[in-house]
Amino acid sequence: MGDRPLTQLYAESFKAKRPLSPTPSPVPVHKEFQGQSNHKLTKEGKQREKQEKSKNVLLRRAQDVHQRSSQSEGYAAQSLVARIGSPCDTLNDLFTCDLAGPVSIAIHDKHPSKVIAVRGFSKEKADIWLQVLQQTQHPNVICPREIFKDHGTTYFIVDDLPLTLEHLVACDVFPSELQLASILAQVLDGLSHLQEKGFEHQSLTCSNILLGQNGVIQIAALEHCVKHQPNQSQSQTLRALADITMFLMQKYLKPDGVIGIDGTRWQSDPIEFLSATASVATIQDLQKRPLITKHHWSAGTLIGLARLCLITTRTFITNPWVQK
């Protein structure tokens, strides 16, 4: 994590509860056959319950992906033609801070009801952003609503996601297993999409992954993306995922590059996932691990944790608020 200037405050306790599974309805049995068929019905009932749970997992994940995709398609499908001019002509810049790189937080002059984020880049970095954006569209990858070009600088107007995974690490509270699954699953989905489109993110850190108040995770800092062929090794990305997972699970890395967790806080699935980052060959292999496939995760499971981080951690502000 380095010397990133996050100020950590403490919350005494925060318990994230897993949603209760619905109780299966009892199977009616006629008294005449109850004794001889009880074992068979119990076995069939368990199989039926297991099948229903599997269906529910797939249905909930499909609904969540559809919902997040619908939210992003509204602006991601728009033309990436940049406007000539400065966004400052219509925006009121509030302050500048460090969230996956420098970002200006602003509101519209005429319609100041929504906070937006403005990311400005010189030509070299802006060209990388444009190259990635022209080929990607995914709810877990940052995407602009508008683009402006003015005097050699390109401005990307994006949604305001006020947190990064670095805030989760700085928070005194650990995520639950379900929340950990939601974080990692969304990160994997975004990275998998980038890889499928021929890109690799070479600065994959907690500080470059955004978290919204609605629990949505987005891979940011696209200026660090490079072209990547399908047959090329994914070892750099997998190692970065190991570090991110360790930070989320215990808030620090082990010395000498060792992958592992101290203590007994976590059950077998998170530990197995972390171990797999050192043995699998692709991101897609990690998406098949039990931590990701067994849980009814969704972006919404992170809302409470995001809210807690918002009030118990601080973001470094480089240009303070100036009230006009």
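These legends walk you through several close-up views of one predicted model.

Residues are numbered from 1 along each chain as its sequence is written. Because the model is predicted, local features need pLDDT of at least 70 and side-chain atom pairs count only at pLDDT 80 or more, while totals for chains, interfaces and linings use all residues, and side-chain values use heavy atoms, with hydrogens and water left out.

**View 1. The whole chain, to get your bearings.** Start with the parts list: nine helices and twelve strands. Both are DSSP runs numbered from the N terminus, with helices being H or I over at least four residues and strands being E over at least two. Of the 324 residues, 44% count as buried; here buried means under 20% relative accessible area, exposed means over 50%, and partly exposed lies in between (1.4 Å probe, protein chains only). Looking at contacts (heavy atoms within 4.5 Å), residues 24 or more positions apart account for 73% of those in the chain with a separation of 6 or more.

**View 2. An open sheet of seven strands.** Follow the strands across in the order β1-β5-β6-β4-β3-β2-β12, and you will find mixed pairing. Two strands pair if DSSP finds at least two bridges between them. At the edges sit β1 (83-84) and β12 (317-319), each pairing on one side only. Strand β1 runs parallel to β5 (residues 146-150), and two bridges join them.

View 3. A salt bridge is a side-chain nitrogen of Lys or Arg within 4 Å of a carboxyl oxygen of Asp or Glu, and a search of the whole structure finds eight. In this one, Glu146 meets Arg83, with the closest N and O atoms 2.9 Å apart. The pair links distant parts of the chain, since Glu146 is in strand β5 and Arg83 is in strand β1, 63 residues apart. Glu146 is partly exposed, at 22% relative accessible area, and Arg83 also counts as partly exposed, at 49%.

View 4. Lys123 is exposed, with a relative accessible area of 57%, whereas Asp127 is partly exposed at 33%.

View 5. Glu272 pairs with Arg289, and their closest N and O atoms are 2.3 Å apart. Elsewhere, salt bridges that share partners join Lys114, Arg145 and Asp159 into one network.

**View 6. The buried residues of α6.** Which residues of α6 are buried? They are Asp269, Pro270, Phe273, Leu274 and Ala276. These residues cover an arc of only 160° around the axis, so they lie on the same side of α6; the arc is that of the directions from the helix axis to the C-beta atoms. Their cover includes α4 (177-196), α5 (235-250), α7 and α8.
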